[in-house]
Every structure is written in C-alpha cells, then in structure tokens.
Amino acid sequence: MQELTHYINGAHVAGTSGRAADVYNPATGEVQSSVPLASAAEINQAVDIAAAAQPAWAAVNPQRRARVMMKFVDLLHRDMDKLAEALSREHGKTLPDAKGDVIRGLEVCEFCIGAPHLLKGEFTDSAGPGIDMYSLRQPLGVTAGITPFNFPAMIPMWMFAPAIVCGNAFILKPSERDPSVPLMLAELMEEAGLPKGILQVVNGDKEAVDALLDNETIQSIGFVGSTPIAAYIYERGCANGKRVQCFGGAKNHMIIMPDADMDQAADALVGAGYGAAGERCMAISVAVPVGDETADRLIEKLVPRIEALKVGPYTAGNDVDFGPVVTAAAKANIERLVQTGIDQGAKLVVDGRDFKLQGYEDGFFVGAHLFDNVTKDMDIYTTEIFGPVLSTVRAQSYEEAINLAIDHEYGNGTAIFTRDGDTARDFANRINIGMVGVNVPIPVPLAYHTFGGWKKSMFGDLNQHGPDAFKFYTRTKTVTARWPSGIKEGGEFSIPVME
Ligand code: NAD
C-alpha cells in the first residue's frame, strides 16, 4: 500500500504524528493508500517555514510572480492526463469530469496572471499643497486553506493561485479522502519556479485544522466544505482575529415554468442532478415544476433519461455518466436519506436502491433516484443529500416556486427554465441566492467573475476568485506623502480639513 506524505519546504515529508487515514478507490472499495494526519506540531513547523520564506516572495515583483503562474498553467496542460487519472482514482468521478475539475482551477490561474494589473493601487496627485496620496495592496503574510473532497484540484487552485500571486505564502490542508492531486499541484508549482516554503501541503483532519485556526502567524483562512464545519471554522477563525471566508453546503432549486422547452429542461436536470453522482455544491437537487401539467410532462421526460444513465468506474472510459460516491459512509448516508423519503410519503419514481455493478460489488456505487411529490417538511428536502437523488416539489404557481427557494436555508445556486424574459428577470432580481442561472442549470461563474452563495452557504464577506480574491488576499495601505519643499513652518494642532 502506498504511503502518502506532506509537502513541506519543497520536499515530500513522512508524517510524524503516528496517525493516518485510509484513502479508498471508490470504484473497487479497496484501500489504495494511507495519508498521514498532521499533529499541531507539524502544522506549526510548516507555518514557521512559510513565515521565513514569505517576505522574499512578497518582494518579487508582481510580473515575475505572474510568470510562475504562466508556467504552472503550461505544466497543468502537460500533466492533464496524469492529474485526471489520480483524481478519478481517489474521488471516483469520470475522467472527462476530472479534467473539468483541473481546468476550472487552471482558469483561475490564468486570471491570476493578470496580477500586475489587479494589484495596482490608486494615486491622487496634489491631494493638498505638495501632498500626494496613494494606496498599496500588500500581501497578508502566511495564509491557509481547508478544502473538500469533491473538487480536489479546482478548489485548492481557487485559493492558492490568488493567495500566492499576491505575494503570500499558503498552507493547504486538503481533504483526507483524496490528497494526491493537491500534492502533485504543489510539486508543479515548484517546477514552475515557486520558491520552497511558499506552497506547502499538510494533510490532516480536525487536529490539523484546529492548529491552523489557533496559529497566531496565520493571517487568513479559506474554507470550502459542509455548512456545520464552515460555521465552526468561521467562528473560531474570526475569534482568533483572522480574516476568514467559508463556503458551505447547498440545496439548489431549478424552477421549470410551463413555457419552458421540456426536453431542454429534462436534459439539463439529468446532467445537473446526476453528474459527478450529485457530489457538487452546484448540483441541482430539487426540481420545481410550476403546475401539475408541467410536472407530469417533466417527469415523463425525465424517467427514460434517468433510467438510461450509465453508472460505472472511471476506467470504463467516456461511456460512463457518473461514478461511485466517495466513501462507504457517504453511500450509507444517501441510502438512509432515500429511506426517509419513502417513509415520509414521497413517491420514488426511479428506484436506484438495487443498483449493482458486476465485478464492482464492493465499490461505493449508488443508482440514480428520482422522487416526486416531495414536500417542504421532508428530510430529503431540508437536508443536503450529496448523491444521485433528485427531488421534485410540485408548485402551483410561480410565487409558490420562488418562495420555496427563498425560504430554504441554503442559498448557493438556483436556476429557472422559461422562455419569458419578464419572469426570468423578476426571478434573478428577487431571489436571495448567490448564483442564478436562466436556462443554465449549473451557473458556476467563470474565473473573472466571483463565486459564492448566500445564507447558510457562505460565511464571510468576499467571494472566491475574480476580483474578490485579490481583495481577500491583500490588505490596503494608504500613504499620504509630502516632501520638505511643501512643508509649512510650525506644528498643526487641529485636524487638517479642506477649506
Ligand atoms: P467536510 O465539511 O466534511 O470537509 C471539508 C474539510 O473540512 C476537509 O478538509 C476536512 O478534513 C475538514 N473537516 C472535516 N471535519 C472537520 C471538523 N470537525 N473540524 C475541522 N475540520 C474538519 O466536507 P466534504 O464532505 O469534504 O465536502 C462536501 C461538502 O462541501 C458539501 O456540503 C458541499 O456542498 C460542500 N461544498 C461547498 C462548495 C461551495 O463553494 N459552497 C464547494 C464544494 C463543496
């Protein structure tokens, strides 16, 4: 069995805590490697190394820092197949989807190549007699990020690329379920020219996370994962005086109006509901057709599409629609929630419970499920299932549909399918959700816009990537400068004001 490592100060380093976790191949159910779980001492040592390396990196001019990102992008393209294979082997998603995971991270690295422009400050010439005023965007120092299992390439890059190009050092604590790709990314950043100690990967669990939260040198924490952990990290990080942004769970509604193209809506729902086995924070997990006739037409179109979905291991090639879920525990949780749906009176229209794949009986595969007649009080409606389970809630009017999404505690993404511009515009304006699609089921913004939910899907002020990331990873300093020729004689005892 392969022993994974940390990546500290430019080298693969074995764990010293004596604690480790199993990493599975979700398709076969086998343990394929062991990942060390860092102690607080190991975290603190990495932080000290980062703190020693960071000032020299901050002094490198932004254009040269951007060139490291340019080279890194080339290396990601060079190693795309290798990265996707390692990602699918630990996560379970299909190879094309694994490449998408890498590419959505790569696109943020491309955006970060614009750092010299994005880091420019403001300047006011002659703000007063002989006085100039200018602002600087300076790096925070040592920053850290804690990432989830479901995008092991994209989300680490969303954090470390802007952090590093702004001149910070970054410590990544990836998910212990799929840590190999983050380790590979750290190696590639150094091959691209990043000095040692600026990007380090320390594997671990709660003990490592708590050590990051309590370490006084760390200036900021980025987190993506489930809502209860997001809330915990936000509270503890803020209480320790850090800048913190936490992105949590989701329950994304797609509203289907009677005038929507029902084939398009059904195709969109199948991709957005079952892609990556539903393990996406932007997956659609609730379909809300407006009117019973719309609901009946939609279900009629959905059922054959869902029954035709091909579930299998990534090794089966491009022919597979989605793979296994990440762990046996995730599978058991999905099955438990499906049972609560049945017990609480929802109608199971497509039943994936008996799904078995010959030769992969020990893999963590879950068949596709479709529920109809789901109501607001059911656990399958209130809870994030994070599996291939789509719930249909029938609404009798547009108002009822929009209010469902408005009232739900999560606010990550949502979509409306309609041909009516007025309705779409009203929906986009009134909805209290961070990312909205109009006839687009998974409206993940591109790298130069920002990504973030509302309500219980986000804790903090600034979104991920786009211009917000450059604000999150820098502090503004404003300088007021006057040279001796502009200085009048004598002290000033009252606050200077413009006359
Ligand atoms: P998770 O919350 O279990 O784990 C996320 C990270 O937190 C991991 O690195 C893990 O090691 C760490 N962690 C787990 N328990 C902890 C604890 N008690 N104390 C401190 N740290 C702890 O999430 P996951 O299962 O890896 O990922 C799936 C979740 O992430 C879903 O809820 C999904 O919606 C969410 N997600 C959100 C976004 C977004 O942008 N909003 C994106 C991707 C995933």
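User: What should I know before I start?

Analyst: This is a predicted model, in which local features need pLDDT of at least 70 and side-chain atom pairs count only at pLDDT 80 or more, while totals for chains, interfaces and linings use all residues. Residues are numbered from 1 along each chain as its sequence is written, and side-chain values use heavy atoms, with hydrogens and water left out.

User: How do I read a sheet?

Analyst: Strands of a sheet pair through backbone hydrogen bonds, either parallel or antiparallel. Helices (H or I, at least four residues) and strands (E, at least two) are DSSP runs, numbered from the N terminus. Two strands pair if DSSP finds at least two bridges between them. Take the open sheet of 3 strands here: its order is β1-β5-β4, and its pairing is mixed.

User: Which helix lies across β4 and β5?

Analyst: Helix α3 (residues 80-91) does. α3 runs at about 105° to β4. Axes are lines fitted to C-alpha atoms, for helices over the stretch in contact (heavy atoms within 4.5 Å). Angles run from 0 to 180 degrees between N-to-C directions.

User: Which strands pair with β19?

Analyst: β20 pairs with β19 in the parallel sense over 4 bridges. β13 (residues 252-256) also runs parallel to β19, again joined by 4 bridges. Ala415 shows both pairings: Met254 stands opposite Ala415, and Ala415 stands opposite Gly437 in β20. Thr414 has Val436 of β20 as its bridge partner.

User: Which residues of β20 form its covered face?

Analyst: Met435 and Gly437 form the covered face of β20 (residues 435-438). Val436 and Val438 form the uncovered one.

User: Now single residues. Is Ser175 buried or exposed?

Analyst: Ser175 is buried, with a relative accessible area of 6%. Ser175 sits in the loop between β9 (169-173) and α7 (180-191). Leaving out residues up to four places away in sequence, Ser175 touches Thr147, Pro148 and Phe149.

User: Which residues have a positive phi without being glycine?

Analyst: Asn9 is one of them, with phi near 50°. Asn9 lies in the loop between β2 (6-8) and β3 (11-13) and is partly exposed at 37% relative accessible area. Ser126 is another, with phi near 55°. Ser126 is found in strand β6.

User: How do I find empty space?

Analyst: Rolling a probe the size of a water molecule over the atoms shows where empty space is left. On a 1 Å grid over the protein atoms alone, a cavity is a set of points where a 1.4 Å probe fits but cannot get out. A pocket is an open set with protein on both sides within 12 Å along at least five of seven lines. Lining residues have an atom within 4 Å of a point. Grid points are joined across faces, edges and corners, and a volume is the space filled by probe spheres set on the points.

User: What lines the second largest pocket?

Analyst: This pocket has a volume of about 380 Å³. Its lining has 14 residues, and Pro129, Ile131, Glu492, Pro496 and Val497 lie nearest its centre. β6 (123-128), β7 (131-139) and β23 (474-482) are the elements that give two or more residues to that lining. Val497 lies in the segment after β23 and is exposed, at 60% relative accessible area.

User: How many cavities of 30 Å³ or more are there?

Analyst: The count is 2. Gly278, Ala283, Ser285, Glu384 and Phe386 lie nearest the centre of the largest cavity. Residues lining the second largest cavity include Trp158, Gln245 and His465.

Terms used:
Buried means under 20% relative accessible area, exposed over 50%, partly exposed in between (1.4 Å probe, protein chains only).
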